[in-house]
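Here is a brisk report on one protein model. Have the sequence and the structure open as you read.

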Amino acid sequence: MKRLNKIQDKERIYSFPFFLKKPLYVLAIFCLVFFSLGCTDINDSGDKTGTVETTADVNNSASKAELIEVTNLSQIDEALIKGPVVLKLGSKGCIPCKEQEDILSEILPMYQGSASIMLIDIKEYPEFATTFGVRVIPDTCIITGIEDGKYMYIRQDGSKSSERSSARFLGVVDKETLSMTLEKAIDSRNTKE
């Protein structure tokens, strides 16, 4: 509500108290950051839309390439024998997760035979959220191998780390960034052998 005051023969209109403007700016920035990171609903929201075609057979590369849904860590270990693993942790009801799956489906044919692309639904398998330290979804990483019983992840710059938090991609990652990082992972495995 506007107030009209006369101060020294000048009219001033106060539209909003000054002391409330700063908290509104802080709240707006917080909301922008919070909602731009991706889905944060790691609990069941009740939305069961969207399905992903998956296969459990990691070694059947003769068939049409598909995203592999992980139900056991041994699937990741088996896939690491033939090459790096792109691992996306998310949920079927998460819209940014679905966007990330579409991007992964696009790069899948390019790396068939040299890398595996796997998905984990953390609503169906919440123990993986704890195992991989998931806080925000979609959460994507590239695993290059196992050293001393720990997964080795590749960072965007091509360096390796056993700390997933320093090598993961939060939110939707573009095709070019994933492809470039995956190429570095494949090259690092080839030079190692």
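## Aromatic pairs

Two aromatic pairs turn up in a search of the whole structure. Rings of Phe, Tyr and Trp (its six-membered ring) pair if their centres lie within 6.5 Å; planes under 30 degrees apart count as stacked, over 60 as edge-to-face and the rest as tilted.

| Pair | Centre to centre | Angle between planes | Class |
|---|---|---|---|
| Tyr 125 and Phe 128 | 6.0 Å | 55° | tilted |
| Phe 132 and Tyr 151 | 6.3 Å | 15° | stacked |

The stacked pair of Phe 132 and Tyr 151 links distant parts of the chain. Phe 132 is in helix H4 and Tyr 151 in strand E8, 19 residues apart. Phe 132 and Tyr 151 are both buried. Buried means under 20% relative accessible area, exposed over 50%, and partly exposed in between (1.4 Å probe, protein chains only). Phe 128 counts as buried too, at 4% relative accessibility.

## The model and its confidence

This is a predicted model: local features need pLDDT of at least 70, side-chain atom pairs count only at pLDDT 80 or more, and totals for chains, interfaces and linings use all residues. Residues are numbered from 1 along each chain as its sequence is written, and side-chain values use heavy atoms, with hydrogens and water left out.

The predictor's confidence in each residue is its pLDDT, from 0 to 100. The protein averages 78, and 68% of the residues score at least 70. Over residues 41–63 the pLDDT is below 50. That stretch still has 37 contacts in the model beyond near neighbours in sequence. Contact means heavy atoms within 4.5 Å. Where pLDDT is low, the predicted coordinates should not be read in detail.

## Overall build

The protein has five helices and 10 strands. Helices (H or I, at least four residues) and strands (E, at least two) are DSSP runs, numbered from the N terminus. Of the 193 residues in the protein, 38% are buried. Among contacts with a separation of 6 or more, 69% join residues 24 or more positions apart.

## Two nonpolar cores

A nonpolar core is a set of buried Ala, Val, Leu, Ile, Met, Phe, Trp, Tyr and Cys residues joined through side-chain atoms within 4.5 Å. The largest has 23 residues. Ile 76, Leu 87, Met 118, Ile 120, Phe 132 and Ile 143 touch the most other members. Helix H2 (73–82), E5, strand E6 (116–121), H4, E7 and E8 each supply at least two residues of this core. A second, separate core of 18 residues includes Ile 107, Leu 108, Ile 142 and Ile 154.

What does Phe 132 contact, leaving aside its neighbours within four places in sequence? Its partners include Leu 73, Ile 76, Leu 87, Leu 89 and Ile 120, as well as Arg 164 and Arg 168.

Met 118 is in strand E6. Met 118 is buried, at 0% relative accessibility. The C-alpha atoms of Met 118 and Val 70 are separated by 6.4 Å, although the two are 48 residues apart along the chain.

## Two buried serines

Ser 91 is in the loop between strand E5 (85–90) and helix H3 (95–107). Its relative accessible area is 3%, so Ser 91 is buried. Ser 91 and Asp 121 are 30 residues apart in sequence, yet 4.7 Å apart in space, C-alpha to C-alpha. Leaving aside neighbours within four places in sequence, Ser 91 contacts Cys 97, Asp 121, Lys 123 and Ile 137.

Ser 161 is in strand E9 (residues 160–161). Ser 161 is buried, with a relative accessible area of 8%. Not counting residues up to four places away in sequence, Ser 161 touches Tyr 151, Met 152, Tyr 153, Arg 155 and Ser 166.

## Backbone exceptions

Most residues other than glycine have a negative phi, and most peptide bonds are trans. A cis peptide bond joins Ile 137 and Pro 138, with omega about -5°. Pro 138 is in the loop between helix H4 (126–132) and strand E7 (139–147).

Asp 148 is not a glycine, but has a positive phi of about 55°. Asp 148 is in the loop between E7 and strand E8 (150–154). Is Asp 148 buried or exposed? Asp 148 is exposed, with a relative accessible area of 82%.
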